[in-house]
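User: I'd like to learn how to read a protein model feature by feature. Could you walk me through one?

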Amino acid sequence: MKKFLGYILSPFAILAFFLALVIFHPIQWLCLKLGGYGAHKRSVDILNFFLVHTAYILFNSITFVNKQNLPLNRPIIFLANHQSLFDIPPMIYYLRKYHAKFISKVELAKGIPSISFNLRHGGGANIDRKDPRQSITELVKFATRMKDNNWGAMIFPEGTRSKDGRVKPFQSAGVATLLKKCPNALLVPVAITDSWKMIQYGMYPMNTFTPMKWEVLTPIEPGTAPVDELVKLAEERIRAIVDPS
């Protein structure tokens, strides 16, 4: 029944998602040109509010839990497991006060309404996985912006999405590069549960009546252990929530 309803409701959800991207593309441009970074960021926050709420068209539910007293006056690196493209809008919206930016594939910085514009002008890092030198240079520049502005970074250390929700091993290279330039950045794990079920049949039909959850876990101070051990600790904390078996 859930899959059957997905055939009916998915076109409406996809249309709403795409319309939000198209409508906010010129809005972002205007905000950036007329109001600079602050106005542009607010437009991106509002865009992601609407993107988050397209899930409700499918009668899916979103729970975002953040019981941590995270600082606003220091950089933060959010490390999350990755299950679907829908992982991103709730993180941008609900963590908006931390000015968290994504580290994305350079291919995404072109051709996608709103998303590509934000990736090019929002202050994040767009890396070419085929060019290690470009990737490192881009990450160093991004870490400098984090340090200077007390921004956050959002990283999916698995590298690719998990199609069945099980947490894959985390890679520490990206985090290590950021910490070299921004050594006081707080490491904050974020556990994402069951967002993969929304697209377990693919983009059509999308699943319905799916409860999805994002939970911010206990922060990890940098410098208390080697970076690979800190990233492993973040992985273990996330795995205990998402994949306890």
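This is a predicted model: local features need pLDDT of at least 70, side-chain atom pairs count only at pLDDT 80 or more; totals for chains, interfaces and linings use all residues.

User: Fine. In what order do the elements of the protein chain run from the N terminus?

Analyst: Helices (H or I, at least four residues) and strands (E, at least two) are DSSP runs, numbered from the N terminus. Here there are six helices and seven strands, and the order is α-β-β-α-β-α-β-α-β-α-β-β-α.

User: What does the radius of gyration say about the protein chain?

Analyst: The radius is taken over C-alpha atoms, and the globule rule is 2.2 Å times the number of residues to the power 0.38. For 245 residues that rule gives a value near 18 Å, and the protein chain has 18 Å, so it agrees with a compact globule. Along the principal axes, the C-alpha atoms fill a box of roughly 50 × 50 × 35 Å.

User: What share of the residues is buried?

Analyst: Buried means under 20% relative accessible area, exposed over 50%, and partly exposed in between (1.4 Å probe, protein chains only). Buried residues make up 47% of the 245 in this chain.

User: Which residues touch the most other members of the largest nonpolar core?

Analyst: In soluble globular proteins, nonpolar side chains tend to be buried together. A nonpolar core is a set of buried Ala, Val, Leu, Ile, Met, Phe, Trp, Tyr and Cys residues joined through side-chain atoms within 4.5 Å. The largest one has 31 residues, and Leu70, Phe78, Met91, Leu95 and Trp214 touch the most other members. Elements that each supply at least two of its residues include helix H1 (2–53), strand E1 (61–66) and strand E7 (211–216). Apart from this core lies another, of 27 residues, with Ile77, Leu139, Ala153 and Val242 among them.

User: And what is Leu95 in contact with?

Analyst: Contact means heavy atoms within 4.5 Å. Leaving aside neighbours within four places in sequence, Leu95 meets Phe64, Asn66, Phe78, Pro90, Ala100, Met154 and Val216.

User: Which residues of H5 are buried, and what covers them?

Analyst: An α-helix has 3.6 residues a turn, so residues three or four places apart point the same way. In H5, Val175, Thr177, Leu178 and Leu179 are buried. Their cover includes E2, E3, helix H4 (132–149), E5, E6 and helix H6 (227–242).

User: Where is Lys168?

Analyst: Lys168 sits in the loop between strand E5 (152–155) and helix H5 (173–181). Its relative accessibility is 31%, so Lys168 counts as partly exposed. Lys168 and Glu158 are ten residues apart along the chain, with their C-alpha atoms separated by 5.6 Å. Beyond its neighbours within four places in sequence, the contacts of Lys168 include Glu158, Glu235 and Arg239.

Key: Residues are numbered from 1 along each chain as its sequence is written. Side-chain values use heavy atoms; hydrogens and water are left out.
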